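Here is a short report on one chain.

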Amino acid sequence: MRKKKVSAYCSACRIDQAHKVLSAVDSQPGLVKCSACGMEGPYMAPRDKVKAALKQVVERKKVDRKRERLRGKLVELNSKGKLNKQVWEDLTAEHDADEATDYAMTASLEALQLVDHPKFGLGVVVERTEERKACILFEDRPRVMVCGPDSERSS
Ligand SMILES: [Zn+2]
């Protein structure tokens, strides 16, 4: 039996407490004993850690939703032929040009991805329109460009 101590959630104290590790499974705490109340039980990850992890998931979902809304708006603007230089400026202003992916016909591009085209310059992927094609908004106008690995052709 090891005398290692870990921070864990105590269901009796209802807060994170230092726990003595009574047994370990695959180097993870198995049975633990609360140093405050002496309650023994299976190890439960400290709540602050769980909370932090949950918060991260929520934040990520928020960003995903924001991106989803923006993507939808761009597709709508595109269908109305309203993708213009102003939209391009708004989109690229938020990005660092260094983040741009060099455009290549075999590049896998996703919506909202920033691309750098040797001829048309900086562009933002609006949507994948069909197999191996994507609508990309460049400074002057949107263009449908070939993109995607060759393997996509057969799928
Ligand atoms: Zn306790």
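What share of the 155 residues in the chain is buried? Buried residues account for 17% of them. The model is predicted.

**Overall form**

The C-alpha trace spans about 70 × 35 × 25 Å along its principal axes. Take the contacts between residues at least 6 apart in sequence: 30% of these join residues at least 24 apart.

**Domains and elements**

The chain is divided into two parts, domain 1 and domain 2. Their C-alpha centres lie 47 Å apart.

| Domain | Residues |
|---|---|
| domain 1 | residues 5–45 |
| domain 2 | residues 50–153 |

The chain holds two helices and eleven strands. From the N terminus on, the order of elements is β-β-β-β-β-β-α-α-β-β-β-β-β.

Strands of a sheet pair through backbone hydrogen bonds, either parallel or antiparallel. Here, four strands form an open sheet in the order E1-E2-E5-E6, and the pairing is antiparallel. Strand E1 (5–10) and strand E6 (40–42) are the edge strands, each pairing on one side only. From one strand to the next, the twist averages 50 degrees.

How many bridges join strand E5 and E6? Strand E5 (residues 31–34) pairs with E6 in the antiparallel sense over three bridges. Leucine 31 stands opposite proline 42 in E6.

Technical notes. Residues are numbered from 1 along each chain as its sequence is written. This is a predicted model: local features need pLDDT of at least 70, side-chain atom pairs count only at pLDDT 80 or more; totals for chains, interfaces and linings use all residues. Two strands pair if DSSP finds at least two bridges between them. Axes are lines fitted to C-alpha atoms, for helices over the stretch in contact, and angles run from 0 to 180 degrees between N-to-C directions. Domain bounds come from an automatic or database domain assignment. A residue is buried if 20 or more other C-beta atoms lie within 10 Å of its own, exposed if 12 or fewer, and partly exposed in between; C-beta atoms are placed from the backbone. Two residues are in contact if their C-beta atoms, placed from the backbone, lie within 7 Å.
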